[in-house]
Amino acid sequence: MPLFGSTKETRVDYSRLPRHIAIIMDGNGRWAKSRGLPRTAGHAVGAETFRTIATYCREIGIEYLTVYAFSTENWKRPMEEVSAIMGLLKKYLLEAIADMEKEKVRFVFFGDLSPLPAELRELAEETQRRSAGYEGCQVNICLNYGGRDEILRAAKALAAECVEGKRSPDTMTEEDISNHLWSAGVPDPDLVIRPSGEVRLSNFLLWQSAYAEFYVTDVSWPDFSKEDLRKALAAYQGRSRRFGGV
């Protein structure tokens with residue numbers, strides 16, 4: 001891997017990449033609407049964008065990629081759209097299983113999978129189980145995920161341990177909470193990217209993103225390219241991360 005991209009690309013120092021990138025894959029519906037297409041068409045193109053970006057992250061050496069695929073609030077969307085998203089996830093997982101030996105990507109799911117259609121839930125569990133031994137890039141797929149729900153679940157689990165006498169509230173630490181999140185064992189994201197121009201977290205990795213750098217672009221997710229990712233990486237590398245210090 002060259003130190004910098006070619007003269008036609010945004011310059012990125014590939015020796016100083018963030019370990020963990022998180023992406024809010026936003027703008028699929030608006031992208032489709034602006035072209036006179038059904039929202040489901042935007043999700044289909046967005047799914048291919050995810051494949052492209054995930055592959056590129058693996059190629060350049062990103063250790064962790066976390067994507068917001070379906071939130072706890074997305075059930076409020078029209079049933080046709082929800083069904084289309086579930087169908088695309090199923091298609092992707094089937095292809096991921098088929099390519100697993102070649103790609104060596106480790107898949108982990110953040111979120112409560114129990115409300116999902118049985119076939120999709122089983123595919124997700126199989127994908128996670130079969131890829132567990134791979135040591136390459138880890139792709140975390142947030143599916144039926146909400147940041148507040150995640151923190152609430154952790155708080156309930158810790159409260160139960162206190163009631164059972166397994167721990168004391170007085171000795172509880174931030175690490176204890178982190179260890180009870182869906183993301184336990186995964187380093188916090190260094191960079192959170194949001195396409196489509198919206199400037200909010202939308203209930204995504206609320207605990208984990210406390211000191212993440214935030215990058216927003218007006219480019220909708222279906223149009224998000226490897227060059228757009230390089231721009232985000234270059235912006236990240238131009239910042240000074242102080243974590244509350246001077």
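In what follows, a residue is called buried when its relative accessible area is under 20%, exposed when that value is over 50%, and partly exposed in between. With a relative accessible area of 4%, E81 is therefore buried. I shall come back to E81 with its salt bridge.

A word on confidence. This is a predicted model. The protein chain has a mean pLDDT of 93, and 96% of its residues reach 70 or more. Residues 1-7 are another matter: pLDDT stays under 50 there, and the model has 14 contacts beyond four places in sequence for this stretch. Where pLDDT is low, the predicted coordinates should not be read in detail.

Let us turn to strand 5, residues 191-194. L191 and I193 point one way and V192 and R194 the other way, yet all are buried.

Next, the backbone. Most residues other than glycine have a negative phi. N144, although not a glycine, has a positive phi of about 50°. N144 belongs to strand 4, residues 138-145, and counts as buried at 5% relative accessibility. S196 likewise has a positive phi, near 85°. S196 sits in the loop between strand 5 and strand 6 and, at 13% relative accessibility, counts as buried.

Finally, the salt bridges, of which the count comes to 24. Side chains of opposite charge can pair when their charged atoms come close. R39 and E81 meet in such a bridge at 2.7 Å, N to O. This pair links distant parts of the chain, with R39 in helix 2 and E81 in helix 3, 42 residues apart. R39 is partly exposed at 37% relative accessibility, whereas E81 is buried.

Which parts of the chain does the pair of D223 and R35 tie together? Their side chains meet at 3.4 Å, N to O. D223 lies in the loop between strand 6 and helix 7, and R35 in the loop between helix 1 and helix 2, so the pair ties together parts that are 188 residues apart in sequence. Elsewhere, R30 forms a salt bridge with D26, their closest N and O atoms being 3.1 Å apart. Lastly, E48, R51, K91 and E95 are linked in a network of salt bridges.

Key: Residues are numbered from 1 along each chain as its sequence is written. This is a predicted model: local features need pLDDT of at least 70, side-chain atom pairs count only at pLDDT 80 or more; totals for chains, interfaces and linings use all residues. Side-chain values use heavy atoms; hydrogens and water are left out. Buried means under 20% relative accessible area, exposed over 50%, partly exposed in between (1.4 Å probe, protein chains only). Helices (H or I, at least four residues) and strands (E, at least two) are DSSP runs, numbered from the N terminus. pLDDT is the predictor's confidence in each residue, from 0 to 100. Contact means heavy atoms within 4.5 Å. A salt bridge is a side-chain nitrogen of Lys or Arg within 4 Å of a carboxyl oxygen of Asp or Glu.
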